[in-house]
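Let's take a look at how charged side chains pair up in this structure. Here it is.

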Amino acid sequence: MPTPRPLTLQVICDEHRALAAMLRSLPLLLAELRRRQAQPDFAALRAMLFYLDEFPERLHHPKESSLLFPKLRARAPEIRSVLDRLDEDHLRGERAIRDLEHALLAFEIMGESRREAFEQLCERYVHGYLQHMQVEETQVLPLALQHLSAQDWAELDEAFAGNRDPLAGHAVDAPYQALVQTVLRALPAPLGFGPAL
(Lines give C-alpha, C1' and ligand atoms only; values in the text may rest on other atoms or scores of the structure.)
Protein backbone atom coordinates (compact mmCIF):
# COMPACT_ATOMS: atom_id res chain seq x y z
CA MET A 1 0.00 0.00 0.00
CA PRO A 2 1.49 3.41 -0.97
CA THR A 3 2.32 5.88 1.77
CA PRO A 4 -0.32 8.62 1.95
CA ARG A 5 0.79 12.06 0.81
CA PRO A 6 1.61 14.30 3.78
CA LEU A 7 -1.08 16.84 4.64
CA THR A 8 1.58 19.57 4.58
CA LEU A 9 2.17 19.04 0.86
CA GLN A 10 -1.55 19.14 0.15
CA VAL A 11 -1.97 22.38 2.12
CA ILE A 12 1.00 24.04 0.41
CA CYS A 13 -0.11 22.96 -3.08
CA ASP A 14 -3.76 23.96 -2.48
CA GLU A 15 -2.68 27.38 -1.22
CA HIS A 16 -0.28 27.80 -4.13
CA ARG A 17 -3.02 26.91 -6.62
CA ALA A 18 -5.48 29.42 -5.15
CA LEU A 19 -2.83 32.10 -4.86
CA ALA A 20 -1.57 31.52 -8.42
CA ALA A 21 -5.11 31.87 -9.77
CA MET A 22 -5.56 35.17 -7.98
CA LEU A 23 -2.12 36.45 -8.96
CA ARG A 24 -2.66 35.60 -12.63
CA SER A 25 -6.03 37.37 -12.54
CA LEU A 26 -4.59 40.66 -11.32
CA PRO A 27 -2.66 41.66 -14.49
CA LEU A 28 -5.50 40.38 -16.68
CA LEU A 29 -7.96 42.50 -14.75
CA LEU A 30 -5.72 45.56 -14.98
CA ALA A 31 -5.14 45.03 -18.72
CA GLU A 32 -8.87 44.74 -19.36
CA LEU A 33 -9.54 47.93 -17.39
CA ARG A 34 -6.84 49.74 -19.36
CA ARG A 35 -8.30 48.42 -22.63
CA ARG A 36 -11.72 49.80 -21.68
CA GLN A 37 -10.13 53.00 -20.32
CA ALA A 38 -11.90 52.30 -17.04
CA GLN A 39 -10.89 52.94 -13.47
CA PRO A 40 -10.49 49.88 -11.26
CA ASP A 41 -12.59 49.06 -8.26
CA PHE A 42 -9.96 50.34 -5.83
CA ALA A 43 -11.71 48.76 -2.83
CA ALA A 44 -11.54 45.36 -4.52
CA LEU A 45 -7.84 45.80 -5.38
CA ARG A 46 -7.11 46.86 -1.80
CA ALA A 47 -8.93 43.76 -0.57
CA MET A 48 -6.85 41.55 -2.88
CA LEU A 49 -3.60 43.07 -1.63
CA PHE A 50 -4.77 42.77 1.98
CA TYR A 51 -5.54 39.09 1.34
CA LEU A 52 -2.00 38.59 -0.02
CA ASP A 53 -0.59 40.16 3.13
CA GLU A 54 -2.93 38.47 5.58
CA PHE A 55 -2.81 34.87 4.38
CA PRO A 56 0.33 34.02 2.38
CA GLU A 57 2.64 36.52 4.09
CA ARG A 58 1.51 35.95 7.68
CA LEU A 59 0.38 32.31 7.61
CA HIS A 60 1.90 30.36 4.72
CA HIS A 61 5.44 31.76 4.45
CA PRO A 62 6.33 31.75 8.17
CA LYS A 63 5.54 28.03 8.45
CA GLU A 64 7.66 27.22 5.43
CA SER A 65 10.59 29.30 6.69
CA SER A 66 10.44 28.29 10.35
CA LEU A 67 9.34 24.65 10.10
CA LEU A 68 9.76 23.02 6.68
CA PHE A 69 12.95 24.67 5.45
CA PRO A 70 15.05 24.03 8.61
CA LYS A 71 14.15 20.33 8.56
CA LEU A 72 15.11 20.09 4.91
CA ARG A 73 18.35 22.06 5.41
CA ALA A 74 19.40 19.55 8.05
CA ARG A 75 18.78 16.53 5.83
CA ALA A 76 19.51 17.77 2.30
CA PRO A 77 22.46 20.18 2.33
CA GLU A 78 22.42 20.35 -1.48
CA ILE A 79 19.25 22.48 -1.34
CA ARG A 80 20.51 25.03 1.20
CA SER A 81 21.26 27.79 -1.31
CA VAL A 82 17.77 27.43 -2.83
CA LEU A 83 16.18 27.55 0.61
CA ASP A 84 18.24 30.61 1.50
CA ARG A 85 16.96 32.37 -1.62
CA LEU A 86 13.36 31.38 -0.82
CA ASP A 87 13.76 32.65 2.75
CA GLU A 88 15.05 35.95 1.35
CA ASP A 89 11.95 36.10 -0.85
CA HIS A 90 9.80 35.57 2.23
CA LEU A 91 11.59 38.34 4.10
CA ARG A 92 11.18 40.73 1.16
CA GLY A 93 7.51 39.78 0.77
CA GLU A 94 6.18 42.12 3.42
CA ARG A 95 8.08 45.07 1.94
CA ALA A 96 6.96 44.13 -1.57
CA ILE A 97 3.28 44.07 -0.60
CA ARG A 98 3.66 47.45 1.18
CA ASP A 99 5.23 48.92 -1.97
CA LEU A 100 2.36 47.55 -4.04
CA GLU A 101 -0.24 48.93 -1.62
CA HIS A 102 1.50 52.32 -1.74
CA ALA A 103 1.53 52.29 -5.55
CA LEU A 104 -2.18 51.43 -5.58
CA LEU A 105 -2.92 54.29 -3.17
CA ALA A 106 -0.91 56.66 -5.37
CA PHE A 107 -2.93 55.52 -8.41
CA GLU A 108 -6.20 56.01 -6.54
CA ILE A 109 -5.30 59.47 -5.22
CA MET A 110 -3.10 60.85 -8.00
CA GLY A 111 -5.02 59.37 -10.88
CA GLU A 112 -4.02 58.23 -14.32
CA SER A 113 -0.44 59.51 -14.02
CA ARG A 114 0.23 56.71 -11.51
CA ARG A 115 -1.57 53.85 -13.31
CA GLU A 116 1.44 52.59 -15.25
CA ALA A 117 3.73 52.54 -12.21
CA PHE A 118 1.17 50.45 -10.30
CA GLU A 119 0.63 48.08 -13.23
CA GLN A 120 4.37 47.54 -13.72
CA LEU A 121 4.98 46.93 -10.03
CA CYS A 122 2.04 44.52 -9.98
CA GLU A 123 3.47 42.62 -12.98
CA ARG A 124 6.87 42.26 -11.28
CA TYR A 125 5.28 41.16 -8.03
CA VAL A 126 3.12 38.54 -9.74
CA HIS A 127 5.99 37.24 -11.88
CA GLY A 128 8.31 36.96 -8.88
CA TYR A 129 5.70 35.25 -6.73
CA LEU A 130 4.80 32.70 -9.41
CA GLN A 131 8.50 31.88 -9.90
CA HIS A 132 8.93 31.51 -6.14
CA MET A 133 6.08 28.99 -5.91
CA GLN A 134 7.40 27.07 -8.92
CA VAL A 135 10.81 26.65 -7.25
CA GLU A 136 9.12 25.39 -4.09
CA GLU A 137 7.00 22.89 -6.00
CA THR A 138 9.65 21.62 -8.42
CA GLN A 139 12.78 21.66 -6.22
CA VAL A 140 11.86 21.82 -2.54
CA LEU A 141 8.77 19.65 -2.12
CA PRO A 142 10.07 16.63 -4.10
CA LEU A 143 13.28 16.70 -2.04
CA ALA A 144 11.28 16.99 1.16
CA LEU A 145 9.36 13.84 0.20
CA GLN A 146 12.65 12.01 -0.27
CA HIS A 147 14.43 13.15 2.89
CA LEU A 148 11.97 13.92 5.67
CA SER A 149 10.95 11.25 8.16
CA ALA A 150 7.48 10.20 9.23
CA GLN A 151 8.07 12.11 12.48
CA ASP A 152 9.04 15.24 10.51
CA TRP A 153 5.85 14.99 8.47
CA ALA A 154 3.72 14.43 11.59
CA GLU A 155 5.10 17.64 13.13
CA LEU A 156 4.67 19.60 9.91
CA ASP A 157 1.17 18.23 9.30
CA GLU A 158 0.06 19.34 12.76
CA ALA A 159 1.31 22.88 12.13
CA PHE A 160 0.06 23.22 8.54
CA ALA A 161 -3.37 21.77 9.42
CA GLY A 162 -4.06 25.11 11.11
CA ASN A 163 -3.84 27.02 7.82
CA ARG A 164 -7.30 28.33 6.99
CA ASP A 165 -6.85 30.14 3.69
CA PRO A 166 -10.40 30.68 2.41
CA LEU A 167 -9.36 30.80 -1.25
CA ALA A 168 -7.87 27.32 -0.83
CA GLY A 169 -11.28 25.87 0.00
CA HIS A 170 -11.53 26.35 3.75
CA ALA A 171 -14.56 27.72 5.53
CA VAL A 172 -14.29 31.46 5.97
CA ASP A 173 -13.76 32.61 9.53
CA ALA A 174 -16.30 35.30 10.50
CA PRO A 175 -13.86 38.25 10.60
CA TYR A 176 -12.77 37.50 7.01
CA GLN A 177 -16.18 37.01 5.38
CA ALA A 178 -16.47 40.54 3.95
CA LEU A 179 -12.87 40.43 2.71
CA VAL A 180 -13.31 37.10 0.95
CA GLN A 181 -16.60 38.17 -0.63
CA THR A 182 -14.98 41.35 -1.97
CA VAL A 183 -12.05 39.39 -3.42
CA LEU A 184 -14.30 36.73 -4.97
CA ARG A 185 -16.53 39.37 -6.59
CA ALA A 186 -13.45 40.88 -8.24
CA LEU A 187 -11.96 37.59 -9.46
CA PRO A 188 -13.24 35.87 -12.60
CA ALA A 189 -14.37 32.23 -12.60
CA PRO A 190 -13.34 29.62 -11.78
CA LEU A 191 -11.76 31.09 -8.62
CA GLY A 192 -14.25 33.90 -8.12
CA PHE A 193 -17.56 35.02 -9.49
CA GLY A 194 -16.55 38.31 -11.08
CA PRO A 195 -16.95 39.11 -14.76
CA ALA A 196 -15.04 37.03 -17.29
CA LEU A 197 -11.90 38.64 -18.64
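Start with R35, which forms a salt bridge with E32, their closest N and O atoms lying 2.7 Å apart. A salt bridge here is a side-chain nitrogen of Lys or Arg within 4 Å of a carboxyl oxygen of Asp or Glu. R35 and E32 are about one helical turn from each other because they sit three residues apart in helix α1 (residues 7–35). R35 counts as exposed, at 59% relative accessibility.

A quick word on the model: it is predicted, so local features need pLDDT of at least 70 and side-chain atom pairs count only at pLDDT 80 or more, while totals for chains, interfaces and linings use all residues. Residues are numbered from 1 along each chain as its sequence is written, and side-chain values use heavy atoms, with hydrogens and water left out.

Some terms: helices are DSSP runs (H or I, at least four residues), numbered from the N terminus. Buried means under 20% relative accessible area, exposed over 50%, and partly exposed in between (1.4 Å probe, protein chains only).

Next come D152 and K71, whose side chains meet in a salt bridge. This pair links distant parts of the chain, with D152 in helix α5 (residues 150–160) and K71 in helix α2 (residues 42–75), 81 residues apart. Both D152 and K71 are buried.

Then there's E101 with R98, three residues apart in helix α3 (residues 80–110). E101 is partly exposed at 25% relative accessibility, and R98 is partly exposed too, at 29%.

| Salt bridge | Closest N to O |
|---|---|
| R35 and E32 | 2.7 Å |
| E101 and R98 | 3.3 Å |

Salt bridges that share partners also join R34, E112, R115 and E119 into one network.

Note on methods
Helices (H or I, at least four residues) and strands (E, at least two) are DSSP runs, numbered from the N terminus.
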